[in-house]
Amino acid sequence: MSEQTAGVQTFTPREFHRQAHDALGNPQIRANFRKAMDGLMAKRLDSFDDWDLETLRELGANIRLRALARLPDLLEKLEANCEANGIKVHWAEDGEQACRIIRGICEDHGATSVIKGKSMVSEEMHLNAHLEAAGIEALESDLGEYLVQLNQQTPSHIIMPAIHLNTDEISEIMHDKTGTERTRDVDAMTAAARQQLRERFMGAGVGVSGVNFAVAETGTLCLVENEGNGRMTTTVPPVHVAVTGIEKVVEHLRDVPPLYSLLTRSATGQHVTTYFNMISSPRKEGEHDGPKEVHLVLVDSGRSSIYQDNELLDTLRCIRCGACMNHCPVYTRVGGHTYGTTYPGPIGSILSPHLMGLEETRDLPTASSLCGACGEVCPVKIPIPDLLVRLRRESVGEGRGNVAGAGIKRTRKEVAAWKGFQWLATHPAAWRAGASVAGRLRALAPTRLGAWTQHRSAPRPAATTLHALVKQYQAAKTDKEER
Amino acid sequence: MTAVKFYPPRPDKVYLFGTCLIDLLYPEAGMDAIRLLEREGIEVLFPQDQTCCGQPAYTSGYQHEARAVAAAQLDLFPGPWPIIVPSGSCGGMMRKHYPQLFAGTDLEEQASEVAGRIFELTEFLVHVCHLDLEDRGEPEKVVMHTSCSARREMGLADTGPALLAALGQVELVEQARASECCGFGGTFAVRHPEVSAAMVEDKTRAIEATGARRFITSDCGCMMNIGGRFEQQGKAVKGEHIASYLWRRTS
C-alpha cells in the first residue's frame, strides 16, 4: 500500500480489477515484467545443476516445518541466545508497535538519519513513513529500493523492487531526482547510485535491516544480499536494528545452508549471493569495527493467528524468494503494484488476507487460475493453490471463520447459483433432462456470455449429450448382438 | 507432485466418468474415449447417473455444495474397476481433492477408495493399456496443450505428447512457454475476465506461431478457452480432444 505517499500513484488491493485493467493496457509494464520473469525462470532452472531440485525442496520444506512445529520454543531460545550475545531483543505485536520501538531506538541515540537495507517487513509496517513523520529521514540503500523510493513508489516485487522499470525509465528517474547524467550504461548508473549512497552510510545514526534466517541455537541473524549495502547498513552506523517477522526463525545453524541454497537459486538463479552476513553480536571489546549496539525487533502482525490454524500455518514456511511471482502467469501480466499489497503474487494472495483482512483483499484469492505453477516451484513446498482455495472458502463463509473478514464475499445471488448447481448435479434425471433440452434448443443458445464472449466465441451445447449418445450406442450394440 | 502410482495390469472392465463439459459440449470426445478403450478389449461401463465432479463449486469456495455433488458420484462405481476420466482437471479433482473434501466425514474411506481408482485417459492408455497406435491419417503438424491440472496436479506432462508422438504421420511441435496456463481456470475466466483474456491471447499467439493448424488437448476447459479465442478471431486453428484425434487417425 502506498496510500500514505502523497501525490503519487496509489495502489490498494480493493482496486485490484481497475489496477489490473490499467496494467494490462500498459505495454511498457507488460513488456518489462514478461522479459524479467522469463529471464528469472530460465535462471532458476539453470541453477539447480549441482543439487537435485526435488531433494533439496523436500529438505527445505522439512526444515521449515520442523521450525514452525516448535515456533514458540524456538523464539524463546532465539531471544535467550541473542541476549547472551549482546543483541537486544524486542517484541512487537503489530507494525505500529514495531515502528514505535525502532523510532525509540533512533531517538535514544539522537539519530535523525537512518540507512536501510532491504526489509519487506519494514515495508509491511510502513516504517519509512512513520520515521519521517517523527522527523527521522529513512533512506533505502538497496539499489532497487533506492530507485523505487526516489520515484515515490513501493516495491513491485519482493526480491527485485524496481523490476517494473526498464533501463530508460531508471535513467530518467536518476536524472530527475539526483541530477545524474542520462545514460543507458547500467554500470555507470550503478556507480552513480553507489556514490550517492556511500555518503549517506557515513552520516546515518542507525542502520535498519531485515533478516533472512534467525538461528535459535546460536542467536545468529543471517542476511542474504548482493550489493554489499546490507553489510554496510549493519556495520557502518553505530546502531544496527534488525527487524523481521517471527516466522523467520530456524532451529539449527546447519538448517541454514539448504535454505540459503534454495533461496538464492529460487530467487535469482544464483548458487550463492555476493554477500552472506551472519550477525552474532555488537562490536566486542578490542574490535575495531561493527555497531556498538544491535537490536532485533520480532514482529507478529497477525502471524501468530495464522499459526493457530493447521492448514494456514503452511503460509509461514515462506522464505521470501519470490519464485511464485516469477512463475505466476497472472503476476507476469499485471505486475506487482496491481495487487496493492506489500507482498504481491501468489504468496501475497495467501499472506495478505491475514495481514489486512479479507474485506480489503477479497479479490486476491480468486486472482489465480489455480494453474499450480507457484506450488510447483515453491522451494519449501507451500501448497499455495490449496491455500488459495481455502481462503476462497473463508471469503464465502464456508471455511473455519478464523480469518478476519470471513464471509465478506458471500452473496445471496451466488449462493443461490451454487445451490442450484448442487440440486441439478445431485438429481441425475433432472440433469439429463436439462442437458437434453439444452441440446435441442442449441440454436437458441446465447452467443453473448458476458465477459467470456468479449474475447472468445460462446461454447454451444451439443445436439446430443454423452449420456444420450452412450445409451444409443449401447442399444445399437445389444441389437447387433441379438441379431 | 503426485505420489508414485503403481499401475494395475490391464483390466477387463473400466468405468468412464465423462465429465460435464464433455457431456454437454463435446460428447464425441467421450464416445471416442469409449471406442479407444473397447478396441483394447476393455468393456466400458458408463453410469447414467453421473453428473459433475463438483470442481466448479469446490474451487469457488463452496465446499458444502461441492461435497454434496461429489458425494452423489461416489456410489456410481461399486465394482473394483478403474475409473477413467478424459480430463486432467476433473481427474485431479477426484484423485487429489476428493480425499481432502471428505476428510473427517463418514465418506472419507469411500472417497479415498474411489480416488485411488481414478486414471486420466491418456495416463491409462499409456501406462495401463500400453497403447499401440497405427496412424492412418494424412501428415499433419500439431501442438499439444497439456492442461495445468494434468501437468501439475496429476503429474502427467508426458502421456499426451507420448501418444501423439506414436502417430507416425504426425509432427508434434511445441509452442513457446508450453507449460504456461491458457487462462481458463474455471470460474477464474469469469471473475477475472481481463487477466484471463490476456493469458489466452498469449497462448493462441504461441500456438499460431508454430505454424500448426491444430492443437490437441485432453481437457475441454482449455479447448473451449483456446478454441473459443481462435474462433472469435476467425483463425483457422482448431482444437481437438486427444481421444477424438487418436480415434480419428487410427480407426
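Modeller: Gladly, and one term comes up at once: helices (H or I, at least four residues) and strands (E, at least two) are DSSP runs, numbered from the N terminus. This is a predicted model, in which local features need pLDDT of at least 70 and side-chain atom pairs count only at pLDDT 80 or more, while totals for chains, interfaces and linings use all residues. Residues are numbered from 1 along each chain as its sequence is written, and chains are lettered from A and ligands numbered from 1 in the order in which they are written.

Biologist: Where does Ile87(A) sit?
Modeller: Ile87(A) belongs to strand E1 of chain A, which covers residues 87-92.

Biologist: Is Ile87(A) buried or exposed?
Modeller: A residue is buried if 20 or more other C-beta atoms lie within 10 Å of its own, exposed if 12 or fewer, and partly exposed in between, with C-beta atoms placed from the backbone. Ile87(A) counts as buried because it has 23 C-beta neighbours inside 10 Å.

Biologist: And what is Ile87(A) in contact with, apart from neighbours within four places in sequence?
Modeller: Two residues are in contact if their C-beta atoms, placed from the backbone, lie within 7 Å. Beyond those neighbours, Ile87(A) is in contact with Cys82(A), Gly219(A), Ser281(A), Val294(A) and Leu296(A). Leu296(A) is 209 residues away from Ile87(A) in sequence, yet their C-alpha atoms are 6.8 Å apart.

Biologist: How many helices and strands does chain A have?
Modeller: Chain A has 23 helices and 10 strands, and 51% of its 483 residues count as buried. Its C-alpha trace spans about 105 × 50 × 45 Å along the principal axes.

Biologist: Which domains is chain A divided into?
Modeller: The bounds come from an automatic or database domain assignment, which divides chain A into domain 1 (13-305) and domain 2 (412-482). The C-alpha centres of these two domains of chain A lie 54 Å apart.

Biologist: What is the strand order in the open sheet of 4 strands?
Modeller: Two strands pair if DSSP finds at least two bridges between them, and the order in this sheet of chain A is E8-E5-E6-E9, with mixed pairing. Strand E8 (249-250) and strand E9 (275-279) of chain A are at the edges and have a single partner strand each, so one side of each is left without a neighbour in the sheet. Strands E5 (residues 213-215) and E6 (residues 220-225) of chain A run antiparallel and are joined by 3 bridges, with Thr220(A) in E6(A) as the bridge partner of Val215(A).

Biologist: Switching to chain B, which domains does the assignment give?
Modeller: Chain B has domain 1 (13-127) and domain 2 (140-250), and their centres, taken over C-alpha atoms, are separated by 22 Å. In chain B, 29 residues of domain 1 are in contact with 23 residues of domain 2.

Biologist: What does UniProt place on chain B?
Modeller: An unreviewed UniProt entry places the feature "domain: Cysteine-rich" at residues 15-95 and 142-226 of chain B; such positions are given in the numbering used here, feature names are shortened, and annotations may be inferred rather than shown by experiment. Residues 15-95 of chain B are 53% helix and 10% strand, while residues 142-226 of chain B are 48% helix and 14% strand.

Biologist: Last one: how many residues does the contact take from chain A and from chain B?
Modeller: The contact takes 47 residues from chain A and 53 residues from chain B.
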